[in-house]
Structure formats: structure tokens, C-alpha cells
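Subject: Structure handover

Hello,

Here is the structure I said I would pass on. My notes on the backbone follow below it.

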Amino acid sequence: AWDPVQKEASLKASARLVMSPIAAWSSAWGSPATFGPVFEEQPLGLLFPEESTEEKVTLACRARASPPATYRWKMNGTDMKLEPGSRQQLVGGNLVIMNPSKAQDAGVYQCLASNPVGTVVSREAVLRFGFLQEFSKEERDPVKTHEGWGVMLPCNPPAHYPGLSYRWLLNEFPNFIPTDGRHFVSQTTGNLYIARTNASDLGNYSCLATSHMDFSTKSVFSKFAQLNLAAEDTRLFAPSIKARFPAETYALVGQQVTLECFAFGNPVPRIKWRKVDGSLSPQWATAEPTLQIPSVGFEDEGTYECEAENAKGRDTVQGRIIVQAQPEWLRVISDREADIGSDLHWACAAAGKPRPAVRWLRNGEPLTSQARVEVLAGDLRFSKLSLEDSGMYQCVAENKHGTIYASAELAVQALAPDFRLNPVRRLIPAARGGEVVIPCQPRAAPKAVVLWSKGTEILVNSSRVTVTPDGTLIIRNISRSDEGKYTCFAENFMGKANSTGTLSVRDATKITLAPSSADINLGDNLTLQCHASHDPTMDLTFVWTLDDFPIDSDKPGGHYQRASMKETVGDLTILNAQLRHGGKYTCTAQTVVDSASKEATVLVRGPPGAPGGVVVRDISDTSVQLSWSRGFDNHSPIAKYTLQARTLPSGKWKQVRTNPANIEGNAETAQVLGLTPWMDYEFRVLASNILGTGEPSGPSSKIQTKEAVPGTPGAGAGRGRRPPPLAHALSRPQPMSREYQHGGGFGYLVSFRRQGSTSWQTARVPGADAQYFVYSNDSVRPYTPFEVKIRSYNRRGEGPESLVAVVYSAEEEPRVAPPKVWAKGVSSSEMNVSWEPVQQDMNGILLGYEIRYWKAGAKAAAAERVRTAGLDTSALVTGLHASTKYHVTVRAYNRAGTGPASPSANATTMKPPPRRPPGNISWTFSSSSLSIKWDPVVPLGNESAVTGYKMLYQNDLHPTPTLHLTSKNWIEITVPEDIGHALVQIRTTGPGGDGVPAEVHIVRNGGAVSPVSPRKIRVHPDAGIIPAQASPQGDKRRCQGPPAE
């Protein structure tokens, strides 16, 4: 028996050492939550320059804990004594070292954070001291070699830590040696290499070494060394690699790896890199003479080769990159709460190369196997936990590249049963005839023993009543007699407790109208009915599932909708049914105490699914045999199949001819006909039924039909072309596309003869892209007709000949000129030019004539040019200057160019028309006519005579304007009686052309009218020209035009 006094003493002696942060549990006595230290900041390794002016080093450490943590530090595994006023002080959790020195402070540091729950150890932080000494003060010996040879100048850097970067000076600062293919500075040794020396290399050289530390940079220069060059050796030398990368290079995952390789030689060797057992990544920098891998991975491990090559030979060097890795967690431990007396298994695992070793710490101290504790690499097992096992645990994984820590808290608990967090429900509703499950889950450690009672009756297991091992009470086939109070009693060696709830029996839920199975087509709508009855004191809800997956009927734009909002009606409507909507539908009516369900099957019929497994076999030049596997018929028998093909790379899918022509639905193979030889094809299959055509199969694998004799070429006949001078006959087939080549080795056979000749000459033109053949013969005259026919050929033979086409040799410019030319000015800006035609000559086909004209006094080379589009013998030249004399010549032209010039003719343009428009315009309306008058325009001395006037008339009934001519300063025209208003435009005309228009807006019976802007009347090509009529009479209106100049 358990002694209560002994129990109380044990509880006092073994106060909880730790508290899991994830539980945040307040004990039955109301003590605040506690948890062990969790690092928020850990120390980092530091490189401190020995010559730094900084007066201190700070290693950070901070942990979250309740109660707050206290801190201590270890150096090289030994506890440090941190006393006030000493050089090493504790500030918060940080370690501050004043005036650090390498002799006293270089080493490995760890922070330990502790509170009453336990202790954790931080990762290791290494404090190193960086330095760079000066180069030796001794003078450097000169280096001598022959010009044309290679040379190496050693750097011999001084003592340093860590590594350095190097550059070289020539003669003075800052004349640095360039990084070109002839020079190379090794960043491993600092040495300078020159592949082949020349006269520009003479001089004094100094090595510049630079140290880069965490917060400082230092550079030092060596003494100068003189490079002397003896007489030039002009011989060529094979490469000799002088800067070699090591046979083995070790690197950690993620690090940058650089391999160096440089060779002497004449000419300067070219460096090439390759991976012997793989390929180089295109992202790597492979510029001579280094191979740089920016972030190495395990896949980069292997053997690499550098090859130096020039015209005299080659040299190679190989080395292996070996990739290793620091430890990395694959599985970590997490905080655990466990009952006293229970067992516990913790496991952690880490990856790394070499494989990490795993060890365990408890409260910062090594943990090994002992009574109740088994430690085996990454596994830690406890049996029969006690309160003393509570604390902070760490799994430590380490290899030669690093150490990692995973921390967790173990809280071993001993608690009397407590129902405050999980009491038995006070009111427990249950459905008549149904089943009720009443859990009993008190907080207890160790697990409590549970008993149930109804009223004062202890419940035992029976056909209707079951108490499960975890304390849950289950009552089946419930009746009204089961109503009452039920109490759960829980007890362990720490104490006992109970909790009570009342069972209330309600009416059962029943489906009164169940959904019916249905058979529908794709796109149909369907409503599944579902009605239910239930206990009126509770709410009823409906849940629908399809093949046991819940349906969301509230999704906007979805295919499902609830058909009614009544509480007892749960009908579901399927809108625009798709194939995926077929299956088993379950309607569940449920309350908080029970539920009832009914099922129905919906079959959705639609077009067939995609056939599968398209296979191509029996490939010939124009046919293949296809086979496929049947897809889903989607509940409607497949009626037929359709085959499609496309040519690659980017052809469109097209239906193909097949054997049989109509492929029935039970077929799984057919022959494709009418294919093009030597073409790349893909094929696919589509299935159809009475509901439509389904999705196509995936494309078959790519095939190429076999070769065959080519077909007829696209025998376009070309023409002669002028250059080169001897090229007199040119045949131009259209480029033959792949679909007509029918095989490899494609080309053309061009046959030709002079028209009227009986014998043919034949030339072979290889290549499908060939577009012309040139026949050269000095005896061929210009524009000689040839008959040409073309056939194509390939490896399989020759195709049929094309139709015969007539091709002409190249034209030459016309040889004759028009014998006579006449020119006459017809207005201020136009002249009419006419000429006698030339006879057709044998140099080509005349296309027309070219008129050249230039002002008197100007050079003929500056002549303007216009061409006729046919063989007309006259033309109107426009855009000329008024009152100007022009010289004119005419030349015939063909496709080759223009012929000789005709004798020149002269013409002078007229004076310009008056610049003043007619003014003082007035008008008179009668019943059927309109009379208009204006002041006559008198030309100035430099203007052409006025021979008449043009009036453009447009009314509101007929938008097409009409042109009227008159030699007087008035005009009368017939107009309809219902005309309301009109636009009138009047201008002078004469030898110099038409003058500036005056435009007025005329309104019958209207008020004041003002002139309007020009450009409002647009002359229609069909505008009629009407002669003047008698003098105007009747209703008068007047519009004063612009004043005379």
C-alpha cells in the first residue's frame, strides 16, 4: 500500500525540475509554468587581427528560460573563472575579453545556460588571431632567362594567418601585371608565371600580398626582383604545365573550389578543362587558367583534367575533388512530457561526410548507459521514468568538420487525477435506439484507473454497456430508461477524483424520402431528393458526399446547389453534370446526437475517354499500321475511331485516310494511308459515340516514313539576270519543301535548250535549298528564249519531269531613242510632252518611256524624272514652276534600264492665275432658278488672262457637287423649289489654270450670310459641267467677298 506521508515527502523532495514549453501546464497547486533554457543567440567563431586597435572581443550568448537562466563559460573544455574586475567578464550572458592576446585567449569557447529545470551547452566558437608579417628585407636575386622562354618569379610570402590574395607590380605602383593568357598569378602560392617572355617583360617585379580579416585588411610588398632577358630564342616549344592543382582537393559542400593550371610554351598554350567522369556545368567559370566551382556539391566529386595545347603539342594534369560535409540534422529531438513510471524513446540522426558520431548530454554533462538508461548512438531509451530523469537533454553530432547540437526538455510528471481541464459533459444528449460515447479523460500521472456509475450503481461491461481500457463509456440501443446521472471515478497512487454528467434521450433522426439512383447524359441537370424527421428540440443539418468525399454546395459558380432551404428538406441539384459527377451519393441527416444516411448511384454518360497506348509499326514510304488500347466508353458504346497525324516539328493535327475507311468502335488497329515519304510524323486516336467525340489520345512516338523517288518539282521558270556578265540563262525552281523531297541526297536535274533547237543540255544542281542554275555562254544574245524543264532526284532515283517553261536570257538596255519629241506648256504648273515611239528591239521587252526635264540654265544631270506605265506616246507633266522654261528628253526603258536620250525639246509654262478670288458676290432666287453675280477679276501684269469662271454648286438635297462653266461674271442655274440652302464656290480659269476660290453659303429667304472656309465642297468625279444660262432675276441676296488686291 502507498503511504500518504511517504508520498508527501517524495513530492516535496522531488519538486519538478523542468516544465515543457509546449505544454504550458499549470499544476494543480497553481504554480506558474516553468521551462528550461532555449538558446536565442549563440557564440560565433571570430578572427581577431593581432594588430587591431579594438580593445575587446565579445562572444554572445542569450537563452530564453523560466525562471531566467544563469550563464557560465568553458574554454578548451575547462570552466572559466569570471570574476569582477578581471580581464574576462560576464555581461548578461555574453563573454567579454578585454585586451585579447593570442597567447592567453586563442581557443574554443562554449556557453552554458542553466536554470532549475536544467542546463544546455552552446555550440563551439573558436577565437583565432590573424596576422601578416612583413616580407624579408633581404634583396632578391635577379632572374634571367631567354626571351621566348617561360619563367616563374617566386613570391615567398611571409608568415601569415589566414590565407592571402596576391598581385604583382612591374617597376612601380600601381602598374599591376594584367591577368591575360600570357601571365598568371597563383592565388595558392603567390608565384608569378609568364608563359612566353618578350621584351616588354623586362623590369623589376614586386609581390603584393593582402590579408582579409573580419574587420580589417592589410597588404605588404616584397623587395623588387629584376627580370633580365638574354637573346631571343625563336624556336617553338610544346606546353609544359608549371602551376599544377593537387592530386586531391578536399572541399565542403557549398564552398567555392578553384583549381589552377598554367603552362609555359611557344606559342602561348591554350588551357582547356574537362571532367574525366562527367561533364562540366555551364554555370562554372572555366576561363583560363582556373576552373572555379562556386558552390560545390556531392555531384561535383570526381576527376578533373587540365589540358595545355599549342601548335607543338600538349600536356595534361589530373586531380580529384573530394567533397565532404559538416553534420546536418536529419531527425531532431523535441520536448516531451512523460508519466512517472513510463518508458521513453528519443532518437536523433544526422548526415555528413565523414559520417558523424552521435553522443548525448544531460544538463550539459555526458550521458552514458546506466540503470534504466540505454544510450546507443542516436537512440536514447528510458525504462520506468522517475522524477529525477527530468531535465535538459542534448543530442550532439560531430565529425572533423563541425559539431551540431539539438536540445529538448524532458518533464516527468506525477499528478493526482484532475478533471478541471476535461470534465465529463454536464448534459449528454443521445438518440433513442442509437449509441452514445462518453469519454473520461482526467489529467493524471501515472494513468488513472477508471470506474463508471449510474446513480449509485457501478456499471460493468454487458451487451449494451462497455467501459473501454482508456475509460470511455459506450451505451448502445439507448432507451428512455437509460436517462440519468453518470459519474466517472478516477484514481492513482497520487489521489482520486470524479466528474458527473446527465444523459438525456431524444427522438432518433430518420430519412423519410431517400434519393433515387439516376442515369443522365453529360450536361444534364438532376435533383436528388432527401427528406428527414428528427427530434424537434435539436437542429437538423444535411451533408452530401460523392464517393465519401464531402460536397460543397455553397461554392460560387459550382455544379452543386441546395434545392430547398427548409430544415427537413436536403435536396441536392447537380447543374451541367460532368463525367466526374458520376458515382455514389450519400445524404446524411444529422443532429448533435445522431445521424441517418441513404445512398443513390448517379451514372453520367458522355463521349468516350482518350484511347491509350498508340503504337506505330509496319512503316513504309506512304503508310503505317497503328494500334491502340480502348479508353473508357463513359457508359455509352464507342461507335467509331478517327485517326489524325501531324508532321514535325510544328504541323497541325489533320485527319488521315485509313484502311478500313470507317473504323468501327470494336477495332484496336488500322492502317494509315496517303503519307508523304521521308517525313517525321506523330499520330493520335479519337473515339466517338452517340454523345460526341472524346479527348484525343496522347501522341505516338515520332516516326519517319521510308524514302521514295521524289515527285514533280515546283518548276517555276525564272528569267535572265544581268550580273554576272556571262550569266545569260537562269532557271529558278521554287525551293523544294521537305514533304516533296521523299528522301536524302536531294537535288535537281535542269534540262534546257534554245527555243527551236532539238537537243537538250542537262545540269545537276544538288541541295533542296538550291533556287537557281546559271548557264553562261558568250554567244548567247540578250533576251534569247530557252525552253527549260526540271526533275528532282534523291538517293532512291529520279522523279518525273516538270512541264516545259520558256526562260529568257538577261535583257540589256534599249539601244534606240524616240526620234522626235514635242513639249508645250499648258498651264502655270503643267506641260504636255509627246514623242514618236521606238520600235521593239531584241534586247528585251519595252516597258514604257522615261521623261527627263530640267530648268533652262540647270545641268541635265539634275533633271527630274517621270515614267509612263505603258507604251503611251504622250504624258502630262505636273508640279512645274510658273513662267519657267524647261528642257525635255524622252528615253525608252525595260527591266535592264533606260536607253539613250531623244533630241531635247523646250517648253515654257504659263503665267500663274490671278491670286484674288471673285468678290462682291450676290444672288437672286426665283421659283425654279438661282442667279449669281460677282465682280470680274482683272489679272495683274505677271498673271495669266481670265477666260472664264468655274462655279461648284452643292445643295442640301444632293450632296454631290455640280461644276458649272461661264465666260461671264454671272450665271443662272435651275434649282428645285424646295431647296433651303446651298454651298457655292467660284474661281477664275484661264491659260495659267484655276485661281483661288471664293466660297459662300446661300440660304433661301435667310438672314445675314457670311463667306465660309474653303475645303467644305469636295468635287465628286461624277460632278456634271453645266453651261451658263440667262441673266438672273427675282429675290436678291448679296455677300461681299474679299477686297481686290
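Asn363 is partly exposed, with a relative accessible area of 26%; partly exposed is the range between buried (under 20% relative accessible area) and exposed (over 50%), using a 1.4 Å probe and protein chains only. This is a predicted model, in which local features need pLDDT of at least 70 and side-chain atom pairs count only at pLDDT 80 or more, while totals for chains, interfaces and linings use all residues. Residues are numbered from 1 along each chain as its sequence is written, and side-chain values use heavy atoms, with hydrogens and water left out.

Positive phi

Asn363 is not a glycine, yet its phi is positive, near 55 degrees. Where does Asn363 lie? The residue is in the loop between β32 (357–362) and β33 (365–366). The strands named here are DSSP runs (E, at least two residues), numbered from the N terminus.

Asp548 is also not a glycine and has a positive phi, of about 75 degrees. Its place is the loop between β52 (541–546) and β53 (549–550). Is Asp548 buried or exposed? Asp548 counts as exposed because its relative accessibility is 57%.

Cis peptide bonds

Which peptide bond is cis, with omega near -5 degrees? That is the bond from Tyr161 to Pro162. Pro162 sits in the loop between β14 (160–161) and β15 (164–170).

The bond from Asn266 to Pro267 is cis as well, with omega near 5 degrees. Pro267 is in the loop that runs between β24 (262–266) and β25 (270–275).

Regards

How values were computed:
Helix = DSSP H or I, 4+ residues; strand = E, 2+ residues; numbered from the N terminus.
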